Amino acid sequence: MNKKWAVKRITINLALNEAKNLENYCDQTGRPATDVIRELIRGLATTRSE
């Protein structure tokens, strides 16, 4: 069974050096920025330590 993606669009403001770092990384890896950012978000810890 295929799940449809529920999409929420966000806008972020990056400093010039952050934007350049992202652009350089995407150029080097051939990956789009959306994929890179999505992967980084998925890697965030979301459980609380007690």
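Here is a quick walk through the structure above, from its overall form to its side-chain contacts.

This is a predicted model, and the protein chain in it has two helices and zero strands. Its radius of gyration is 14 Å, well over the 10 Å that the globule rule gives for 50 residues, so the chain is more spread out than a compact globule. If you box in the C-alpha atoms along the principal axes, you get roughly 35 × 35 × 20 Å. The chain exposes about 5400 Å², with carbon and sulfur atoms supplying 52% of that.

Part of that surface is a nonpolar patch made by Ile-10, Ile-12, Leu-14, Ile-41 and Leu-44, which together have about 480 Å² of accessible area. Ile-41 sits in helix α2, residues 33-42, and is partly exposed at 47% relative accessibility.

Now for the charges. The chain carries 9 positive and 6 negative side chains, and the centres of the two sets lie 11 Å apart. Side chains of opposite charge can pair when their charged atoms come close. Here the count comes to three salt bridges.

In helix α1 (residues 16-29), Glu-23 and Lys-20 are three residues apart, so about one helical turn separates them; their side chains form a salt bridge at 3.6 Å, N to O. Arg-31 is partly exposed at 27%, and Glu-39 is partly exposed at 46%.

Terms used: Residues numbered from 1 in each chain as written. Predicted model: local features only at pLDDT ≥ 70, side-chain atom pairs only at ≥ 80, totals over all residues. Heavy atoms only, no water. Helix = DSSP H or I, 4+ residues; strand = E, 2+ residues; numbered from the N terminus. Rg over C-alpha atoms; globule rule 2.2 N^0.38 Å. Areas by Shrake-Rupley, 256 points an atom, 1.4 Å probe, with all protein chains shown as cover. Lys, Arg positive; Asp, Glu negative; His and termini not counted. Charge placed at Lys NZ, Arg CZ, Asp CG, Glu CD. Patch = residues over 30% accessible without salt bridge, like charges linked within 9 Å, V, L, I, M, F, W, Y side chains within 5 Å. Salt bridge = Lys/Arg side-chain N within 4 Å of Asp/Glu carboxyl O. Buried < 20%, exposed > 50% of the residue type's maximum accessible area, 1.4 Å probe, protein only.
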